[in-house]
Amino acid sequence: MTEAKQPKRKVIKTAAAMGKYMADYYYELDNAAKTGERKIAWCTSVGPAEILRTMGFVVYFPETHAAMLGSTRMSTDLIPHATALGYSPEVCSYMTADIGAYLQKQTPLTKTFKGIEGIPKPDVLVYNTNQCRDVQDWFGFYAREFNAPILGISGNVTVNASTDAIVTGVALQMQDLIAPLEEISGNAFDMDKLKEVVGLSRQCSDTWKQVLEAASATPSPLTFFDGCTLMGPAVVGRGTPEAVKLYKQLLAELEERVAQKDGAIENERFRLYWDGMPVWGRLSAHSKLFASLDTNVLASTYCSSWIFSALDAEDPFNSMAKAYTDLFIVRSEDYKEAYIKEKLEMYQVDGIIYHDAKTCPNNSNCRYGMSNRIQEKTGIPSLVIDGDLNDLRCVSDEQTKTNVEAFIEQLEESK
Ligand code: SF4
């Protein structure tokens, strides 16, 4: 992708500390895998991480690994190896890239972190289908490969409101995890420890929310593309004091920048909202493309996925059940429409980009008329970009560039 100009984009200082946190996290996992001193649990990104941490597991998130396969642009060549095993090229390309990488004995971890030789072998795999069914199939593959136990929660989808019946059902499923996890970990469940972990997770969530909301300032100190990399500790480190500390540091940096009116891009003329996932292999290219058009894509549905405002340390099981059912991805079309409309107002945006990700219908919200309905009701125009999170064969750089440029021209004319 060629850019007309190379705009200045602000470097976020706390990103270096975030990078170190992620390195420490992977070294801790690697150490557990090599020494066997601690048991390893694999968990889906919005799975019951708090329970696993309470039980003493070191927690590995395959989705974060899959995003690395995307951002390092390794995924497109690896997906066909999963396809050869019968996994359709149309199912989640996080899953197919990750399975392809495993089959080819490749991982970006070895290149990024010296001394790490591979992904950590699971002692148990724990999923929640709140986000999609693919995670169950993904973890099922590895359960067979490693002959490891697999546990799961069947989450609800297309939920309008998280009723008591839904919350009770999910909370009971979470409680059912305890006995097998005690057996696998060799540790007794400790309710006080769970309360502490849930409390830390809530603090992490609240601070991450404040970080994302800092983007409502004009000019915004943050871009969606920054958010995609800065959210790493919120995914892998929720429930730890270190993650809370990092987000407080990041928030302080952003608040200072807001006070100084120091925007994330040099000349913010247009403000956009992004629905859906990033194209990981084009994160930098897209960031530059929008900045070159004096446009800040400053908020998204995706980065907000790790806000769990219902978590309550005093009522851990019910509040976890509610928090992990109140996710945007779980909700009904009506709820999503109302949610996006509220965010458009809050962030004062000029337009919306919908990323229609070929292999993730769950995170693509433009397939049932939402973009038209929102445009009719708010007058805010939108653009649908066809693409994918990890499979770059589904991405046309030229078409994206042409469509984005035309969209910004349209915004310019109506200004
Ligand atoms: S939500 Fe989408 S990207 Fe995430 S695991 Fe499911 S299908 Fe894959």
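Predicted model: local features only at pLDDT ≥ 70, side-chain atom pairs only at ≥ 80, totals over all residues.
Two strands are counted as a pair if DSSP finds at least two bridges between them.

Consider strand β1, residues 40-43. Three bridges join β1 to strand β3, residues 124-128, and the two run parallel; within this pairing, Ala41 stands opposite Val124 of β3. Three bridges also join β1 to strand β2, residues 58-60, again in parallel, and here the bridge partner of Ala41 is Val59. Together with helix α2, residues 49-54, strands β1 and β2 form a right-handed β-α-β unit.

Which residues of β1 are buried? On one side they are Ile40 and Trp42, and on the other Ala41 and Cys43, so both faces of the strand are covered, by the definition of buried.

I turn now to the core. The largest nonpolar core comprises 122 residues, and Ala41, Leu52 and Val59 have the most contacts inside it. Helix α10, residues 191-213, contributes the largest share of this core, eight residues. Beyond its neighbours within four places in sequence, Leu52 is in contact with Ala41, Cys43, Phe57, Val59 and Val126. In general, nonpolar side chains of soluble globular proteins tend to be buried together.

Finally, the ligand. The residues surrounding the ligand are Glu63, Cys92, Tyr94, Met95, Gln131, Cys132, Asp134, Val135, Cys360, Asn362, Asn363 and Leu389. Helices α5 (93-103) and α7 (134-146) each supply at least two residues of the shell.

Technical notes:
Residues numbered from 1 in each chain as written. Buried ≥ 20, exposed ≤ 12 C-beta atoms within 10 Å, placed from the backbone. Helix = DSSP H or I, 4+ residues; strand = E, 2+ residues; numbered from the N terminus. Right-handed = clockwise from strand over helix to strand, strands pointing away. Near = placed C-beta within 6 Å. Core = buried A, V, L, I, M, F, W, Y, C linked by C-beta atoms within 7 Å. Contact = placed C-beta atoms within 7 Å.
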